[in-house]
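Colleague: I am new to this structure and would like to learn how to read its strands and helices. Could you walk me through it?

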Amino acid sequence: MTTSMRIGVVGCGNISKTYFELSKLFKGIEVTACADINPEAAKAAAEKYHVKAMEPAKLIKSKDVDIVLNLTVPDQHFAISLAAVKAGKHVYSEKPLTLSLKDGLKLRDAAAEKGVKVCCAPDTFMGGAHQRARKAIDEGAVGRITGGTAYVMGFGMEHWHPNPDFFFKPGGGPILDMGPYYITDLINLIGPVRRVAALTSMAQQERTISSQPRAGEKIAVETPTNVLALLEFANGATVTLSASWDVWAHRHANLELYGTEGSLYIPDPNFFGGDVLATARNGKPQPLSHWDHPLGVANQQHQENHFANYRSAGLADLAAAVHANRDARCSIDRALHTVEVMTGALKSGADGKFVEMKTTCTQPAPLGVEEAKALLR
Ligand SMILES: NC(=O)c1ccc[n+]([C@@H]2O[C@H](COP(=O)([O-])OP(=O)(O)OC[C@H]3O[C@@H](n4cnc5c(N)ncnc54)[C@H](O)[C@@H]3O)[C@@H](O)[C@H]2O)c1
């Protein structure tokens with residue numbers, strides 16, 4: 001029996017509650033400390049979750065922390081993760097890993113030098129639905145995947161997030177914010193990308209916050225809010241990815257993959273669960289046979305919806321990977337490749353040219369039922 005790895009949270013904002021609460025579902029990890037640039041936020045979280053509040057620089061260097069969980073805003077991810085790596089800590093970061101490929105490469109080099117692991121969200125691809133789709137593809141249920149469509153479109157974040165500024169600044173925008181869920185799942189399902197092209201645009205130069213407590217304040221938009229990308233995968237598959245915050249309503253499905261023998265309809269990669277449907281040639285869509293994957297079981301209620309949320313699964317997998325000296329499913333190679341795909345789409349939008357990927361990665365190991373059970377308490 002190994003002891004739990006001690007997790008120090010840096011960034012006690014909106015998403016931290018999810019990690020403080022859901023990490024308790026998993027073996028091998030225990031949140032023991034937290035920090036924030038705003039000491040009041042750290043103090044409030046420390047009191048609520050019975051952990052130690054510290055200053056960020058002290059937490060990063062603390063001998064009582066094994067993994068730094070970086071939940072700061074995107075433009076702080078690189079600096080915090082690099083400082084943690086230099087202090088000899090393993091890191092699990094919220095997405096995106098970094099805002100540029102250059103920074104991501106520096107982080108990977110630093111981690112290799114220190115012999116520590118860096119991982120990055122999302123871990124939703126480890127959910128029951130996406131693992132069911134992976135199993136179907138691996139078993140050849142719809143033949144060889146040759147194409148697909150991915151749509152993540154809505155009207156923005158200024159209507160719900162209390163501090164939505166970062167979403168509209170460089171490093172935010174729908175491709176860097178929501179793209180990771182889709183691109184990471186596509187890597188899980190069909191592997192790495194060879195090249196990308198995109199058109200980008202911005203419907204409004206300014207957004208008005210309607211959420212509390214800052215309703216009425218304006219945000220200057222400094223990054224595209226509409227990205228229409230074409231991805232060519234190393235296996236030859238071609239996928240359309242549309243990520244937008246300029247769309248009030250649409251009828252496109254989240255994710256569909258087309259194979260030589262049929263199609264797969266995959267639920268929203270921002271969530272762990274849901275039904276995967278498959279069609280045979282000329283067939284009607286049918287749900288894939290049920291399997292008892294523990295990371296697909298609904299465990300949360302939001303308004304009418306009952307859904308599966310196991311954020312922290314990737315963090316638990318990192319801890320298990322450190323103990324077993326194996327590749328973690330959310331490892332930096334895949335996160336770095338995801339950053340290159342996303343920033344490549346933005347670059348293509350600006351330059352009007354295809355961008356060839358310089359990085360690549362392997363598909364993560366599938367997460368079967370027994371391995372998923374082993375991560376849970
Ligand atoms: N909110 C969500 O539902 C959600 C969901 C999935 C992923 N994420 C990701 O999680 C990250 C955080 O999002 P959020 O919504 O919690 O943002 P947030 O603004 O609510 O919280 C970020 C926190 O980090 C702190 N912080 C900023 N810079 C810091 C620094 N240098 N050192 C220490 N603390 C610092 C801020 O004071 C704040 O408390 C983002 O990368 C986002 O993409 C958020």
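Colleague: Let's begin with a strand pair. How many bridges join β1 to β2?

Modeller: Keep in mind that this is a predicted model. Strand β1 (residues 5–10) and strand β2 (residues 29–35) run parallel, joined by 6 bridges.

Colleague: What is the strand order of the open sheet of 6 strands?

Modeller: The order is β3-β2-β1-β4-β5-β6, and the pairing is parallel. To find the edges, look for strands with a single partner: here they are β3 (52–54) and β6 (118–120), so each has one side left without a neighbour in the sheet. Neighbouring strands of this sheet are turned by 25° against each other on average, if direction is ignored.

Colleague: Which strands does helix α4 lie across?

Modeller: Helix α4 (residues 77–86) lies across β1, β4 (67–70), β5 (90–93) and β6. Its direction runs at about 160° to β5.

Colleague: Now the other sheet, please. What order do the strands of the open sheet of 9 strands have?

Modeller: Read across, the order is β16-β15-β14-β13-β7-β12-β11-β8-β19, this time with mixed pairing. The edge strands are β16 (286–287) and β19 (355–356); each has a single partner strand, so one side of each lacks a neighbour in the sheet. For a pair inside this order, take strand β7 (residues 145–153) and strand β12 (residues 238–244), which run parallel and are joined by 7 bridges. There, Ala-150 has Leu-241 of β12 as its bridge partner.

Colleague: How do I read the crossing of α8 and α10?

Modeller: Start with the axes, then the angle. Those of helix α8 (residues 179–190) and helix α10 (residues 332–351) come within 10 Å and cross at roughly 120°, which means α8 is oblique to α10. The crossing is right-handed. On the α8 side, the contact is made by Gly-179, Pro-180, Ile-183, Thr-184 and Ile-187, and on the α10 side by Arg-334, His-337, Thr-338, Val-341 and Met-342. These residues divide into 5 nonpolar, 4 polar and 1 charged.

Colleague: At what angle do α5 and α10 cross?

Modeller: Helix α5 (residues 101–114) and α10 cross at roughly 170°, with axes that come within 9 Å. The two helices are therefore roughly antiparallel to each other, and α5 passes α10 in a left-handed crossing. Leu-101, Gly-104, Leu-105, Leu-107 and Arg-108 of α5 make the contact with Ile-332, Asp-333, Leu-336, Val-339 and Glu-340 of α10. By type, the contact residues are 6 nonpolar, 1 polar and 3 charged.

Key:
Residues are numbered from 1 along each chain as its sequence is written. This is a predicted model: local features need pLDDT of at least 70, side-chain atom pairs count only at pLDDT 80 or more; totals for chains, interfaces and linings use all residues. Side-chain values use heavy atoms; hydrogens and water are left out. Axes are lines fitted to C-alpha atoms, for helices over the stretch in contact, and angles run from 0 to 180 degrees between N-to-C directions. Helices (H or I, at least four residues) and strands (E, at least two) are DSSP runs, numbered from the N terminus. Angles under 35 degrees count as roughly parallel, over 145 as roughly antiparallel, 65 to 115 as roughly perpendicular and the rest as oblique. A crossing is left-handed if the near helix is turned anticlockwise from the far one by less than a right angle, and right-handed if clockwise. Contact means heavy atoms within 4.5 Å. Ala, Val, Leu, Ile, Met, Phe, Trp, Tyr, Cys and Pro count as nonpolar, Asp, Glu, Lys and Arg as charged, and the others, Gly among them, as polar. Two strands pair if DSSP finds at least two bridges between them.
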